[in-house]
Amino acid sequence: MDDVTERPIADRVRTVLARGASGTVGAGLLTRPLRSARVRDDGVIVLVVDVGGMTRGVGEPAGVASPGGSASVEIVDTVCTGRCRRPGGGPSFALDGGPSAGVPRTGSRSAGGRETPCDDECAVVRGVVTISGIVTASSGSRRRRLVAADGRGPGPDGQAGSLRLSELQPLEISYLCADGAYMIGRGELAAAAVDPIGIDEQAWLRRLGSEAGLAARLALRAGRQIAGTRQWIVGIDRFGVDLESGSPSGFREVVRVPFAQVCRDSEDVRRELKALAG
């Protein structure tokens, strides 16, 4: 393990992209779903764009992310903390934003008997990644069956989607969060490291959320335990954890509990949590 240092924003952005996070890609009046965006070592960003089906705006959907054109990408940096699900396997929400099939929920049922999807009480939004640039290369549209993590297709009819791989030469990269707006250079992003813990953050949050009393012990050691509040771990990376305290009256506070050293793997994390929780 290394000594603790400040969390670089470029590392955060590269980690979000390395997760295969989805979002949107736009060109002019056209906007299409972005299935994933990954950074190559030379700074070029490879996009997987869904160019099939209906489009928002006017024009030809296949014209999005074509060579020589400009494109802008928007990805919301968000994770599910696991508060919307009871203990059990499977994701709490699907790629299309709907509830995961077969996963019990703590939320209420709608009139039609369907479970409520992951909501603001569960999903934590850290910021928004925005990338604009020029498309330098693009593959032909290829029809594929898109399967979400719960095994369902992207739509109610389960039809295949048309995907296009495009290479984006980024001209401007930004990250907007509660702390402010940050501009990131292409070379800085290419040189950034993927957080070995943050890339699996959602799995970590669900695992830690199932450990009874862990969040409360962390709050006590951090001097943040307040009567009438409930604690929940809402973030984790190689530098530490984010701990939320909330009450039924609406009071909510998120504090950073840093690790003594930077973690490189799961064993390091377990060692640090054990030391923090006492």
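pLDDT is the predictor's confidence in each residue, from 0 to 100. I noted that helices (H or I, at least four residues) and strands (E, at least two) are DSSP runs, numbered from the N terminus.

**Entry 1: the model and its confidence**

I am working with a predicted model, in which local features need pLDDT of at least 70 and side-chain atom pairs count only at pLDDT 80 or more, while totals for chains, interfaces and linings use all residues. Residues are numbered from 1 along each chain as its sequence is written, and side-chain values use heavy atoms, with hydrogens and water left out.

I looked up confidence by element. Strand S1 (residues 2-3) has the lowest, with a mean of 41, and strand S9 (residues 180-184) the highest, at 95. Residues 86-116 have pLDDT below 50, yet this stretch makes 65 contacts in the model beyond near neighbours in sequence; a contact means heavy atoms within 4.5 Å. Residues 147-160 also fall below 50, with 26 contacts counted in that way. For the protein chain the mean pLDDT is 77, and 69% of residues reach 70 or more.

**Entry 2: the chain as a whole**

I counted five helices and 13 strands in the protein chain. Of its 278 residues, 44% are buried; the cut-offs are under 20% relative accessible area for buried, over 50% for exposed, and partly exposed in between (1.4 Å probe, protein chains only). Among contacts with a separation of 6 or more, 62% are between residues 24 or more positions apart. I also noted an accessible surface of about 14,100 Å², 53% of it belonging to carbon and sulfur atoms. These areas come from the Shrake-Rupley method with a 1.4 Å probe, and for residues only the protein chains shown count as cover.

**Entry 3: Glu-244 and strand S11**

Is Glu-244 buried or exposed? I find Glu-244 buried, because its relative accessible area is 7%. Glu-244 sits in strand S11 (residues 240-246). Seven of the seven residues of S11 are buried, so the strand is largely enclosed by the rest of the structure.

I then checked the partners of S11. Strand S10 (residues 230-237) runs antiparallel to S11 and is joined to it by seven bridges; two strands pair if DSSP finds at least two bridges between them. A hairpin of two residues links S10 to S11, and Trp-232 stands opposite Glu-244. S11 also pairs with strand S12 (residues 252-258), antiparallel and over seven bridges, with Leu-243 opposite Val-255 in S12. Beyond four places in sequence, the contacts of Glu-244 include Arg-83, Trp-232, Arg-252 and Val-254.

**Entry 4: the second largest pocket**

I looked up the second largest pocket, which holds about 800 Å³ of space. The search uses a 1 Å grid over the protein atoms alone; a pocket is an open set of points where a 1.4 Å probe fits, with protein on both sides within 12 Å along at least five of seven lines, and lining residues have an atom within 4 Å of a point. Which residues lie nearest its centre? Of the 35 lining residues, these are Arg-7, Arg-126, Tyr-175, Asp-179 and Asp-242. Elements supplying at least two lining residues each include helix H1 (9-18), strand S6 (123-138) and strand S8 (161-177). S12 gives the most, with five residues.

I placed Arg-19 in the loop between H1 and strand S2 (23-27). Arg-19 is partly exposed because its relative accessibility is 24%. Its C-alpha atom is separated by 5.8 Å from that of Ile-199, 180 residues away along the chain. The contacts of Arg-19 outside four places in sequence include Arg-38, Asp-77, Ile-199 and Glu-201. Glu-201 is one of the buried residues of helix H3 (residues 201-209), together with Trp-204, Leu-205, Arg-206 and Leu-208. The cover over these includes H1, strand S5 (70-80) and helix H5 (266-277).

**Entry 5: Gly-23 and strand S2**

Gly-23 lies in S2 and is partly exposed, with a relative accessible area of 23%. S2 pairs antiparallel with strand S3 (residues 30-39) over five bridges, and Thr-24 has Pro-33 as its bridge partner in S3. Two residues lie between S2 and S3 in their hairpin, where Gly-28 in the turn has a positive phi of about 65°. S2 pairs antiparallel with S5 as well, over three bridges, and Gly-26 stands opposite Ser-72 there.

Technical notes:
Grid points are joined across faces, edges and corners, and a volume is the space filled by probe spheres set on the points.
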